[in-house]
Amino acid sequence: MNIDHVAFSQVATTLAKHFDSLYYVDIESDSFIEFFHSQMLDELNLPEQGADFFAFLREQAGRIVHPDDIDYVLRLIDKESIIKKITENNSSLMVCRFVLGGKIIHICHISILCEDNKHILGCIKNIEAEYRTQEEQEMLLKSAERLARLDELTGAKNKNAYTEHVRLIDDMIGSGVKIAPFAVVMCDINDLKLINDSRGHSFGDESIQKAGRLICNIYEKSAVYRVGGDEFVAILTDDDFEKRDDLLSLLCIESRTNGKWRSGPVVACGMSVYDPEEDSCFNDVFERADADMYRNKKELKNEAAAEKIKKAATIDQDIPDERKRQLDSFFGALYTTAGDGYVFLTDLKYSFSRWSLTLVNDFGLPSEYMYHVEKTWEKCIHPEDLNRYQEVVEAVLTGNSVLYSISYRAQKADGTYVFLKPRGFVICDSNGEPEYFGGIIIPQ
């Protein structure tokens, strides 16, 4: 069974402080891996992995479970019983007695259904000391409940815990009780799908982990929840609420730095503050934060695209012969479909373009092959149409439009203006970065 150890390292480190064994089970194949066990279980010589987990449980139960508990334990560790219980409740709790080194030890066994519904996270804890008092036993149960609300990939709270928190806030708002001020911060990782498609899901999981750590570290005094694949929500109260603007600014700075230097995930974020005069439920606050996040997401994409274009525009090296041949090949394919239109195609990595010879002649351009042609062509566009033209081109380059279709006026070599209707497109490389920008321009 293949396990992404990085994806579980944060959870394993946390659980190692509180439990004596942690293992991970594939429900479909019954295979399992033990992440660690404490000195208490050393004498059992437990295998690090195995092919039949439930048979392994039965074997171990016969060796170490107290005779008075064995029937009870065998009923609970049956595969169908465990799966039924964790499917209904997301977790299963069993308390019994082990006989180890001639001593009777009360232990707690917790099984938790992972969010993919294909794996079980199992934990064993020595609760002999806790078992002595009812109060300590209740604390253990609460601990198990908290564990069941933990997102195993990031260490943040999971969607179940988020739903409970939202319900509590809504109940308080609905009852008319005055509640403490709070703010909602919505976060979303930019281009996670692109990361998964181009670099693999393990790299995507690592990006989610890093984003979770970034958000939790900034909002360390607030509840942070992972509510979707790449979505996090922080509910700010107390000190974090008072410092909310500074903290959001810090998150934005960290995210932009990551984007500029490719040193970590780019996290789009938005924030909204609860207004008791206007908001009738938690979702009213959330929707404003979500809309603010999408505005920030668009800004970040525009900034990233602008940086790529700026970088391409400053390249001084000549286009390699192989790249020029590839440009000519693409241009030829495009030219055959142009009909009466002009054709243009730009290699964005070298800011090198090829334009239809008829267009070059009609509009007085210096050559059909040009570096940094964008400034030359913009001089031909009527001043009243230039802003709109630039906005649409930027939309295409930032991924907000697959094709654009506008009309604008351009000045021909004889000084007259003609209406042009271009249809443009972008071809991206394997990393999702714009590589070619081209299209067909049709005279009207």
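## Basis

Residues are numbered from 1 along each chain as its sequence is written. In this predicted model, local features need pLDDT of at least 70, side-chain atom pairs count only at pLDDT 80 or more, totals for chains, interfaces and linings use all residues, and side-chain values use heavy atoms, without hydrogens and water.

## Helix α10

Helix α10 covers residues 244–261. Helices are DSSP runs of H or I with at least four residues, strands are E runs of at least two, and both are numbered from the N terminus. The 18 residues of α10 should span 26 Å at 1.5 Å a residue, and its end C-alpha atoms are 26 Å apart, which agrees. The expected span is 1.5 Å times one less than the number of residues.

Leu247, Leu248, Leu251, Cys252, Ser255 and Asn258 are buried in α10. Buried means under 20% relative accessible area, exposed over 50%, partly exposed in between (1.4 Å probe, protein chains only). Down the axis of α10, its buried residues fall within an arc of 140°, so they line one face. The arc is taken from the directions from the helix axis to the C-beta atoms. Exposed Asp245, Asp246, Lys260 and Trp261 sit on the face turned away from the buried side. Just after α10, arginine 262 has a positive phi of about 55°.

## Cysteines

The structure holds zero disulfides (pairs of cysteine sulfur atoms within 2.5 Å). Cysteine 114 is in none; the nearest cysteine sulfur, that of cysteine 123, is 9.8 Å away. Cysteine 114 is buried, at 5% relative accessible area. Cysteine 281 is partly exposed, at 24% relative accessibility.

## Valine 177

Valine 177 lies in the loop between α6 (159–175) and β7 (183–189). Its relative accessibility is 45%, so valine 177 counts as partly exposed.
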